[in-house]
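Colleague: I have a bit of time before the group meeting. Could you open the model and take me through it?

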Amino acid sequence: MSNIDFSAYTDSVVNAIGPKASPRVKQAFPILIRKIHEFLIEADVTTEEWMEACNLMVEAGAISSEKRNEVVLVTDVLGIESLVNTLDQTRVQRKAANGVANSSAKENPTDSAILGPFYRSGVPVQPNGTCIIRQDEPGAPYTHLFGTIYGADGKPLPNALVDIWHDAPDGFYDAQSPEKPEYHCRGRFKTDAEGRYSTVCLRPTAYPIPFDHSAGKLLQMMDRHPYRPAHIHFWIEADGHKTLVTQIFDSDSDYLTDDAVFAVRDKLIVYFQPISKDYTPPKECEGKMKFELQQDFHLQKAE
Ligand code: BEZ
Ligand code: FE
């Protein structure tokens, strides 16, 4: 690197990629290497800073487990998971706009949002209309949540899987609190012949993402708070369609404009309404119902 020829140096690293690398590596790694080198040079990164970053990732990996992925959490606070999610959701439309693909550009699918760390597989399917609040939550805003799942042709989709999860009033998910009953504020449903699902859940509350480790360290360094606006997660699966992973956000919540993980999309902000007098809740929810929310979803064709 005589005469500090940074650009020749970066070229030499890019050119070291061998002929047997996959087409994707050959396409993406030169971009990755060039952008990282550009950042290091422009920010004039020191050895101490580089080691600090490496140690942060080592620590994040070391405390990660099946129950907690701190590395993903680090990417979340840097806006990476949300950006990748948007790229995934818009890939077909972007290619169509560039004339690379035709098709589903005309579809108007529901926006997706990040999965987050609290998804759980294997949750049993329960009948439509039943409640996902598995222990009494005195005074909590019980909510009738219902809607229709539409396919790419605009018709209601029967037998679609609708997986729903949100935090309890204390701001924690079931898996974060051993004292909570299994699947508290979490449940799976199958849409009926008219593509409809329904349940009783709670109007969720804003909560902090786990900030006791590497992600929290980063937030502190950047003088940022760890809170997410109140939201409900959905995972919707149907034959012939792309699985939709998304969240809806309470219009009355704090942090809509400064979500710690940058997942809010305008079209995913929803308005809870007072519960209709005509609604008959499941027995265990009688006298507790406060709100209702109709939330329909539009899926896109499988790629
Ligand atoms: C969540 O919404 O559950 C979540 C997303 C990203 C990081 C932490 C939590
Ligand atoms: Fe969440």
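This is a predicted model: local features need pLDDT of at least 70, side-chain atom pairs count only at pLDDT 80 or more; totals for chains, interfaces and linings use all residues.

Colleague: Fine, overall first. How many helices and strands does the protein chain have?

Modeller: The secondary structure of the protein chain comes to 6 helices and 12 strands, and its C-alpha atoms fill a box of roughly 80 × 45 × 30 Å along the principal axes.

Colleague: And what share of the residues counts as buried?

Modeller: Of the 303 residues in the protein chain, 41% count as buried. As for contacts between residues at least 6 apart in sequence, 71% of them join residues that are at least 24 apart.

Colleague: Let's look at helix 2. What end-to-end distance should helix 2 span, and what does the model give?

Modeller: Helix 2 covers residues 23–43, and at 1.5 Å a residue its 21 residues should span 30 Å; the end C-alpha atoms are 31 Å apart, which agrees.

Colleague: Where does helix 2 bend?

Modeller: Helix 2 bends by about 25° at Phe 29, and a proline, Pro 30, follows within four residues.

Colleague: On to the metal. Which protein atoms are donors to the iron ion, ligand 2?

Modeller: The protein donors are the OH atoms of Tyr 173 and Tyr 207 and the NE2 atoms of His 231 and His 233, lying 2.0 to 2.1 Å from the iron ion. Along the chain, the donors follow the spacing Y-x33-Y-x23-H-x1-H.

Colleague: Are Tyr 173 and His 231 buried or exposed?

Modeller: Tyr 173 counts as buried at 1% relative accessibility, and His 231 is buried as well, with a relative accessible area of 0%.

Colleague: Changing topic: how many salt bridges are there in the whole structure?

Modeller: A search of the whole structure finds 17 salt bridges. One of them joins the side chains of Lys 217 and Glu 59, at 3.0 Å from N to O. That pair links distant parts of the chain, with Lys 217 in helix 6 (residues 214–221) and Glu 59 in helix 3 (residues 47–63), 158 residues apart. Lys 217 counts as partly exposed at 39% relative accessibility, and Glu 59 counts as partly exposed at 30%.

Colleague: Which residues are linked in a network of salt bridges?

Modeller: Arg 120, Asp 174, Glu 182 and Arg 186 are linked in such a network. Within it, the side chains of Asp 174 and Arg 120 meet at 3.0 Å, N to O. Asp 174 lies in the loop between strand 2 and strand 3 and Arg 120 in the loop between helix 5 (80–97) and strand 1 (142–150), so the pair ties together parts that are 54 residues apart in sequence. Arg 120 also meets the side chain of Glu 182, at 3.3 Å from N to O, and that pair is 62 residues apart.

Colleague: How accessible are Asp 174, Arg 120 and Glu 182?

Modeller: Asp 174 counts as buried at 6% relative accessibility, whereas Arg 120 is partly exposed with a relative accessible area of 22%, and Glu 182 counts as partly exposed at 49%.

Colleague: Last thing, backbone angles. What is the phi of Cys 185, and where does Cys 185 lie?

Modeller: Cys 185 has a positive phi of about 60° although it is not a glycine, and Cys 185 lies in the loop between strand 2 and strand 3, buried with a relative accessible area of 0%. Asp 223, also not a glycine, has a positive phi of about 55°; Asp 223 is found in the loop between helix 6 and strand 6 (227–228) and counts as exposed at 71% relative accessibility.

Key
Residues are numbered from 1 along each chain as its sequence is written. Chains are lettered from A and ligands numbered from 1 in the order in which they are written. Side-chain values use heavy atoms; hydrogens and water are left out. Helices (H or I, at least four residues) and strands (E, at least two) are DSSP runs, numbered from the N terminus. The expected span of a helix is 1.5 Å times one less than its number of residues. The bend at a residue is the angle between axes fitted to the seven residues ending there and the seven starting there. Donors are N, O and S atoms within 2.8 Å of the metal (3.2 Å for Na, K and Ca); water is not among the atoms, so sites may look incomplete. Buried means under 20% relative accessible area, exposed over 50%, partly exposed in between (1.4 Å probe, protein chains only). A salt bridge is a side-chain nitrogen of Lys or Arg within 4 Å of a carboxyl oxygen of Asp or Glu. Contact means heavy atoms within 4.5 Å.
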